[in-house]
Amino acid sequence: MNTLKIGWIGLGNMGNPMVKNLLHANFEVTVYNRTKDKESDLIAAGAKSASSPAALLASSDIVITMLSNDEAVLAVFNDNNGLATADTAGKTIINMSTVSPETSRKLASICASKKLNFIDAPVSGSVKPAQDGTLVILVGATETDFNYAKPVFDVLGKTAINVGLPGVGSSAKLAINYLLGLNLQGLAETVLFAEKNGVSKEDMLNIINQGACANGITAIKAPAILNDSYPAAFALKHLVKDLRLAKEAGLNAPLIQPLYDSFKKAQEEGLGDQDVMAIITSLNNN
Ligand code: NAP
């Protein structure tokens, strides 16, 4: 058994497989999720359950949050029986959700006032790397805090890169998701342009993935495009949130506004809970 006791809040598409990896690595894990029935398969796999975020923190050395957005993370901190209400100096809270750098610094400040350590550690990589324990973890932390959490990062990711103090990890995450959005939009536009001129999706995806323009995104999203089926690995609404946060954090490059508008439109068309690759459905309809 690993000696660090882990508390985990947020059992969505990412949190569930990440907790499973910690259990497989013999960490003692206690979970809390707003919708309780999402805890059951993890309890069956050996996790304990806590009645509230505060109770979770009281029984853990490290608490990790993996939640939708800034509002969700702030609610889990500040609500009745939230993390900030517990009297638990010396423990460590790691936020792995994608939130704004400003929110990360706010969380660090709340933690400092409670004598808790805070790390921001958003991740690059989707459900498959979460399942495989091959996420890239973008850490904002002091060196001491980073080293303390390293055994956990080693299980969840293939690498953890400490890019600065809390807030800077979130800045790195917004930057990489801008590139993700550009890749998805470019892939969708390219396949649709080719198809309208007589090149099948199969042939165009083959051309892309055999050539120098291939990358992890063009490879992993090809089956979804071919099957025209987009169950969420990374929900489109979350990328809309990330592009908005990038704009708010000062990204003012020529492509950010049209990129944001394109994904926002797809969300407004009802595609928000589909995978990000469903952008191709929206573009095909317009
Ligand atoms: P998800 O499947 O939508 O799960 C969201 C989680 O947040 C659920 O546990 C949900 O609880 C909880 N939640 C939402 N609002 C809440 C609130 N107000 N109070 C308490 N809990 C709340 O999201 P995900 O795909 O796991 O993503 C989690 C985070 O990782 C997001 O910030 C996302 O941007 C980021 N991320 C995702 C991916 C990906 O590929 N999926 C990749 C990298 C980063 P309920 O079960 O009760 O709804």
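Where is the place of K91? In this predicted model, in which residues are numbered from 1 along each chain as its sequence is written, local features need pLDDT of at least 70, side-chain atom pairs count only at pLDDT 80 or more, and totals for chains, interfaces and linings use all residues. Side-chain values use heavy atoms, with hydrogens and water left out.

K91 is placed in the loop between α4 (70-78) and β5 (92-95); helices (H or I, at least four residues) and strands (E, at least two) are DSSP runs numbered from the N terminus. Leaving aside neighbours within four places in sequence, K91 is in contact with L57, A58, S59, S60, D61, L116 and N117, where contact means heavy atoms within 4.5 Å. The C-alpha atoms of K91 and C111 are 9.5 Å apart in space, and the two residues are 20 residues apart in sequence.

An unreviewed entry lists residues 5-164 as "domain: 6-phosphogluconate dehydrogenase NADP-binding". That span is 39% helix and 25% strand, and its end C-alpha atoms lie 26 Å apart. For residues 167-281, the unreviewed entry gives "domain: 3-hydroxyisobutyrate dehydrogenase-like NAD-binding". Here the chain is 72% helix and 0% strand, with the end C-alpha atoms 34 Å apart.

Axes are lines fitted to C-alpha atoms, for helices over the stretch in contact, and angles run from 0 to 180 degrees between N-to-C directions. Angles under 35 degrees count as roughly parallel, over 145 as roughly antiparallel, 65 to 115 as roughly perpendicular and the rest as oblique. A crossing is left-handed if the near helix is turned anticlockwise from the far one by less than a right angle, and right-handed if clockwise.

Helix α8 (residues 168-196) packs against helix α12 (residues 256-271) at an angle of about 65 degrees, with the axes 11 Å apart. The angle therefore makes α8 roughly perpendicular to α12. The crossing of α8 past α12 is left-handed. From α8, Y178, G181, L182, L184 and Q185 meet I256, L259, S262 and F263 of α12. The residues of this contact comprise six nonpolar, three polar and no charged; Ala, Val, Leu, Ile, Met, Phe, Trp, Tyr, Cys and Pro count as nonpolar, Asp, Glu, Lys and Arg as charged, and the others, Gly among them, as polar.

The axes of α8 and α11 come within 9 Å and cross at roughly 125 degrees, and the two helices are therefore oblique to each other. Their crossing is left-handed. In α8, L174, N177, Y178, L180, G181 and L184 meet L239, D242, L243, L245 and A246 in α11. Eight residues of this contact are nonpolar, two polar and one charged.

For α11 and α12, the axes come within 9 Å and cross at roughly 150 degrees, so α11 is roughly antiparallel to α12. In this pair, too, α11 passes α12 in a left-handed crossing. Among the α11 residues that meet α12 are L236, K237 and R244, and the α12 residues include Y260, K264 and L271. The contact divides into 10 nonpolar, two polar and four charged residues.

The model has 12 salt bridges, each defined as a side-chain nitrogen of Lys or Arg within 4 Å of a carboxyl oxygen of Asp or Glu. In one of them, the side chains of K237 and D273 meet at 2.8 Å, N to O. K237 lies in helix α11 (residues 236-248) and D273 in the loop between α12 and α13 (279-285), so the pair ties together parts that are 36 residues apart in sequence.

Definitions and conventions. UniProt positions renumbered as here; feature names shortened; annotations may be inferred.
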